[in-house]
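Subject: Structure handover

Hello,

I am passing this structure on to you. Please look through it first; my notes on what was found follow below.

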Amino acid sequence: MNRNKKMPTLSVAMIVKNEAQDLAACLETVKGWVNEIVILDSGSTDETLQIAERFDAKVYINTDWQGFGKQRQLAQQYVTSDYVLWLDADERVTPELQASILQAVENNEQNTVYQVSRLSEVFGRQITHSGWYPDYVVRLYRQDFAQYGDELVHEKVHYPKNAQVKKLKGDLLHFTYKDIHHYLVKSASYAKAWAIQRANAGKKASLMDGVTHALGCFIKMYLLKAGFLDGKQGFLLAILSAHSTFVKYADLWNRTRNND
């Protein structure tokens with residue numbers, strides 16, 4: 001290693017709202033090895049901001065919610081480091097992933113974005129099948145090279161077509177859905193945003209579309225993606241995912257129907 005070579009800097013960026021339950025545990029996994037933590041809050045009423053301040057995070061507030069993509073774009077504008085690592089409050093960086101992230105930043109390869117593999121725990125069990133693992137998502141890149149798109153929900157990082165996409169070693173632990181109520185509330189919010197996004201794009205759907213897509217979702221997750229190997233949680237997750245799929249198509253139908 002060339003010790004005269006300047007190490008690129010690294011920021012963690014997050015968008016949050018009422019994440020007091022998870023935020024400290026998340027930030028503990030990045031404390032001490034990143035150059036800054038940038039948090040954009042959209043109107044928390046719990047202890048989220050106080051927790052962020054305990055970790056010396058740079059905290060900003062924007063309550064004019066325009067969707068997940070736009071919020072992440074705004075958060076990235078506050079990043080001052082060379083690289084940005086995106087995290088959600090319910091995620092934890094493992095030591096192996098930390099080492100891989102730091103190596104990627106040190107290598108500083110041009111024209112490259114990095115994927116991490118999320119390992120999710122749902123209803124008390126890590127889901128290693130069901131199409132959920134490995135769940136590769138782009139989360140690390142030079143902050144002047146890429147950014148999130150305008151999507152209301154299920155936002156994605158947009159980068160040049162000729163960019164290299166490399167996989168980092170180690171898992172990003174994802175502690176999603178605390179209970180059934182949490183799942184239903186969160187999925188309903190995503191379904192609404194998805195339906196609005198599709199309706200704004202001029203798309204329509206029928207209730208039968210909802211039925212067929214929901215059935216296809218269950219078959220894919222539970223049978224084709226071996227969700228049955230995830231035990232009772234795998235079955236429950238397939239049922240709930242099918243339900244959520246139907247709801248988002250039903251919402252789109254209701255928004256775009258012509259007095260049916």
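Helices (H or I, at least four residues) and strands (E, at least two) are DSSP runs, numbered from the N terminus. With that naming, Y177 lies in the loop that links β11 (164–175) and α5 (180–200).

Two remarks on where the values come from. The model is predicted, so to speak of local features a pLDDT of at least 70 is needed, side-chain atom pairs count only at pLDDT 80 or more, and totals for chains, interfaces and linings use all residues. Residues are numbered from 1 along each chain as its sequence is written, and side-chain values use heavy atoms, with hydrogens and water left out.

Overall picture

The protein has 7 helices and 11 strands. Its radius of gyration (taken over C-alpha atoms) is 19 Å, close to the 18 Å of the globule rule (2.2 Å times the number of residues to the power 0.38) for 260 residues, so the protein is as compact as a globular protein of that length. The C-alpha trace spans about 70 × 40 × 40 Å along its principal axes.

Of the 260 residues, 45% are buried. Buried means under 20% relative accessible area, exposed over 50%, and partly exposed in between (1.4 Å probe, protein chains only). The protein exposes about 13600 Å² (Shrake-Rupley method with a 1.4 Å probe), and carbon and sulfur atoms supply 51% of that area.

A contact means heavy atoms within 4.5 Å. Among contacts between residues at least 6 apart in sequence, 75% join residues at least 24 apart.

β4 (83–86) is covered on both faces. Y83 and L85 are buried on one side, and V84 and W86 are buried on the other. Two strands pair if DSSP finds at least two bridges between them. β4 runs parallel to β1 (10–16), and 4 bridges join the two. In this pairing L10 stands opposite Y83. β4 runs antiparallel to β8 (135–142), with 3 bridges between them. Here Y83 stands opposite R142.

Helix α3

Which residues of α3 (residues 68–77) are buried? They are G69, Q71, R72, Q73, A75 and Q76. What covers them includes β4 and both of the strands β1 and β8, along with β2 (36–41) and β9 (147–148).

Backbone points to check

Most residues other than glycine have a negative phi, and most peptide bonds are trans. The following places depart from that pattern.

- Y177 is buried, with a relative accessible area of 12%.
- H154 is not a glycine either, and has a positive phi of about 50 degrees. H154 sits in the loop between β9 and β10 (157–158), and is partly exposed at a relative accessible area of 48%.
- The peptide bond from Y133 to P134 is cis, with omega near -5 degrees. P134 belongs to the loop between β7 (125–126) and β8.

G32 is in the loop between α1 (23–28) and β2. Is G32 buried or exposed? At 79% relative accessibility, G32 counts as exposed. The C-alpha atoms of G32 and F55 are separated by 9.7 Å, and these residues are 23 apart along the chain.

Regards
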